[in-house]
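Open the model in your viewer and keep the selection panel handy. We will go from one selection to the next.

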Amino acid sequence: MLLKNKKILIMGIRNKWSIAYGIAQSAYENGAELIFTYMGEENKDKIEDMISDFKGSKAYVLDDASEDEMVKEVFSKIKKECGKIDGIVHSIAHAKTEDLHNDFIFTSKEGYLHAVDVSSYSFVLTARMAKELDMLNDNASLVTLTYYGSEKVVDSYNVMGVAKAALESSVRYLAENLGKEGKRVNAISAGPIKTLSAKGIKDFSSILTVVEEKAPLHRNVTQTQVGNVSTFLLSEMSDAITGQVIYADSGYNIMGV
């Protein structure tokens with residue numbers, strides 16, 4: 001098992017249809033001990049019921065992963081109760097609905113800052129706080145989730161594309177910084193998957209159709225497939241890989257039309 005005896009923190013789990021859940025499944029099946037963060041104390045019962053699938057796992061409320069003091073408080077608690085960890089999966093992103101439904105040019109300053117703050121800065125903060133609190137074991141691996149809309153115009157993705165572009169650039173800079181300590185940082189650019197977040201993108205079903213038609217493998221990706229890529233990046237099998245965006249999209253990104 002690729003992650004036997006490794007402790008993995010998965011940030012941003014929401015439900016069984018989320019990419020984070022697929023990542024958790026793969027990591028658990030490969031021997032990992034799982035720790036989760038989620039939003040909303042009111043969701044505690046639902047989350048605890050959901051993660052009961054993963055024996056021995058723990059979950060902590062983190063209402064805003066872009067707030068320094070809030071992340072510090074939760075991470076300090078995790079380290080105290082769970083000890084050092086071997087990997088972090090950052091599956092957190094958000095944009096205001098109106099900024100996804102309107103043309104990008106109408107993005108408000110507030111909406112722009114919100115998307116970048118939650119979707120990109122939160123990963124920088126995660127890495128910094130983990131370093132400052134000495135949470136990471138030697139050879140630890142950090143993984144975040146991005147999307148093709150960071151580099152090409154995808155209809156209705158709008159400000160999230162900008163936020164993901166900032167996230168991917170952050171991956172490269174963090175990889176250089178943490179590489180000095182032997183720790184790795186990578187991103188997975190997953191193909192479109194029917195998640196709760198995806199419902200906020202106008203005409204999302206048409207994106208799924210296009211990928212199925214145009215991708216070399218002529219199929220959309222699953223939570224399980226993305227989860228397996230994450231397990232690889234969290235494991236020592238990928239210990240020569242850092243600062244990269246790894247595509248898990250059935251090859252769609254290579255196509256010119």
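Select helix 5 and helix 6 together: their crossing is right-handed (the near helix is turned clockwise from the far one by less than a right angle). Their axes, lines fitted to C-alpha atoms over the stretch in contact, come within 8 Å and cross at roughly 20 degrees. The two helices are therefore roughly parallel to each other, the term for angles under 35 degrees between N-to-C directions, on a scale from 0 to 180 degrees.

Among the residues on the helix 5 side are Ala115, Ser119 and Phe123, and helix 6 brings, among others, Ala163, Ala166 and Leu167. By class, this contact has 15 nonpolar, 4 polar and 1 charged residues.

A note on what you see: this is a predicted model, where local features need pLDDT of at least 70 and side-chain atom pairs count only at pLDDT 80 or more, while totals for chains, interfaces and linings use all residues. Residues are numbered from 1 along each chain as its sequence is written, and side-chain values use heavy atoms, without hydrogens and water.

Next, pick Val116 in helix 5. Val116 counts as partly exposed because its relative accessibility is 22% (between 20% and 50%, with a 1.4 Å probe and protein chains only). Leaving aside neighbours within four places in sequence, Val116 is in contact with Tyr121 and Ala163.

Finally, centre on Tyr121, where helix 5 (residues 109-132) has a kink of about 40 degrees. That bend is the angle between axes fitted to the seven residues ending there and the seven starting there.

Terms used. Helix = DSSP H or I, 4+ residues; strand = E, 2+ residues; numbered from the N terminus. Parallel < 35°, antiparallel > 145°, perpendicular 65-115°, else oblique. Contact = heavy atoms within 4.5 Å. Nonpolar A, V, L, I, M, F, W, Y, C, P; charged D, E, K, R; others polar.
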